[in-house]
Amino acid sequence: MRTLDAGTSRTGRRERLQDVKKPFEQIVDEHGPTVLRVCRAVLGPADAEDAWAETFLSALKAYPDLDPAANVEAWLVTIAHRRAIDVKRAETRRAVPVARVPDARPSRDLTDDDDVQDLWRALEALPAKQRQTVAYHHIAGFSHREVAEIVGGSEAAARRSSADGIANLRRTLTNAHEEREPRP
Amino acid sequence: MNTTSQPDKADLFTPLQGTDDDRRRLHRRLVDAAEAEGVLDVAYRTVDTAVGPLLLAATDRGLVRVAYARQDHEAVLQTLSTKVSPRVLHGGSRLDHAAREIEEYFAGRRQTFDLPLDLRLATGFRLGVLQHLPTIGYGRTESYSQVATAAGSPRAVRAVGTACATNPLPVVVPCHRVVRSDGSLGEYAGGAEAKRTLLTLEGAAA
């Protein structure tokens, strides 16, 4: 019964519609899965969960000040993109030349399967820019113009990078698959 | 070329999909971090009771909202987001104490609530009424006009009805113990049936 709820009092109705902000729980629910896939694509399974958690924590902090008209998913992916760059920088600083095999933290189904292993290796082999543009365009579903806003550079460059990335992924995956199961 | 070695773009990234376990683990991690850093402004959860699922929400000051299903939990959360803060998350440990006391109450093992309350959603006369209600003991009732007198405005009987109907903390702040002078139950935020259930549980003449 809305009329019994304190929130639909006279003062509540006077608030402008664009000032109404969803509870953050709904933001996590709606965008959490996509942001996780993006983080995994850009960082691999080991670092993705840290990036996801840091992204949503800093989004939660900033959420009350977010422009109510903002594209929330683009905002989240932009934060995730910056977290990802931070993670990469920290890795470079550590500069320990260890083979980067996904660690044991994420669930088994991410690492057990050969096809999944192939995908991680293929993603890892991509130049960073291609990895990002592929994730933001093909997973998050942003236009090339939006992707360019996140990664910098022109729309045409973002389009090219994403197309090259997909072509590279396909080639690597096909090779990996045929190595394991040679066609007769 | 078979489909395994040349997947569609849509299928290509399917392995990156999180499982329900991943989602739960990450959500818990977010809630814990938000609590630790003091940016979880409103935590909520639902408890199943004899009067249906009750939504409980708390700020760092205390329990701020209890809502019946018929009050539309989604709408109530939206109201909290607008009126208190949009930093609203499900879960966390903040409501453990309140949930336990409510379960004890419905099991007949608790007669008074010992919980910090955040009454920021009520103001003025309504707040005065809510502050009086806990003085009506378990299993007892008062009429709307008795409450009006106790709240300092003997003629504001109708306003007492409004204060009860808009009580942000039903069950815990016992507006169900306010009945009509003729002994009939009167209205209730959770519906007449819920009011009867609570008064029967408390053994009040209903």
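Let's start with a pocket. In chain B, helices α7 (157–165) and α8 (192–201) each supply at least two residues of the lining of the second largest pocket. Helix α7(B) gives the largest share of that lining, six residues. Keep in mind that this is a predicted model.

How much space lies in this second largest pocket? About 310 Å³. Its lining has 18 residues, and the closest to the centre are B:Y144, B:G161, B:A165, B:G186 and B:E187. By residue class, the lining of this pocket splits into nine nonpolar, four polar and five charged.

Rolling a probe the size of a water molecule over the atoms shows where empty space is left. How many cavities of 30 Å³ or more does the count give? One. The largest cavity holds about 40 Å³ of space. Two elements of chain A give two or more residues each to the lining of this cavity: α2 (24–43) and α4 (72–94). The largest share, four residues, comes from α2(A).

Lining the largest cavity are A:V38, A:C39, A:V42 and A:L43, then A:A51, then A:A80, A:H81 and A:A84, and finally A:Y136. Eight residues of this lining are nonpolar, one is polar, and none is charged.

B:H132 sits in helix α5, which covers residues 124–132 of chain B. Is B:H132 buried or exposed? B:H132 has a relative accessible area of 15%, and the cut-off for buried is under 20%, so B:H132 counts as buried.

What does B:H132 touch, leaving aside neighbours within four places in sequence? B:H132 is in contact with B:E142, B:V147 and B:A150. With B:E142 there is also a polar contact: the two side chains are joined at 3.0 Å.

Last, confidence in chain A. The mean pLDDT of chain A is 82. Of the residues in chain A, 78% reach 70 or more. Where does pLDDT stay under 50 in chain A? One stretch is residues 1–15. For residues 1–15 of chain A, the model has 28 contacts beyond four places in sequence. Another stretch is residues 98–105 of chain A, where pLDDT also stays under 50. For residues 98–105, the model has twelve contacts beyond four places in sequence.

That's the tour.

Technical notes
Residues numbered from 1 in each chain as written. Chains lettered and ligands numbered in written order. Predicted model: local features only at pLDDT ≥ 70, side-chain atom pairs only at ≥ 80, totals over all residues. Heavy atoms only, no water. pLDDT = per-residue confidence, 0-100. Contact = heavy atoms within 4.5 Å. Buried < 20%, exposed > 50% of the residue type's maximum accessible area, 1.4 Å probe, protein only. Polar contact = N/O pair within 3.5 Å; in protein donor to acceptor, adjacent residues only side chain to side chain. 1 Å grid on protein atoms, 1.4 Å probe; cavity = no way out; pocket = protein on both sides within 12 Å on 5 of 7 lines; lining within 4 Å. Points joined across faces, edges and corners; volume = space filled by probe spheres on them. Nonpolar A, V, L, I, M, F, W, Y, C, P; charged D, E, K, R; others polar.
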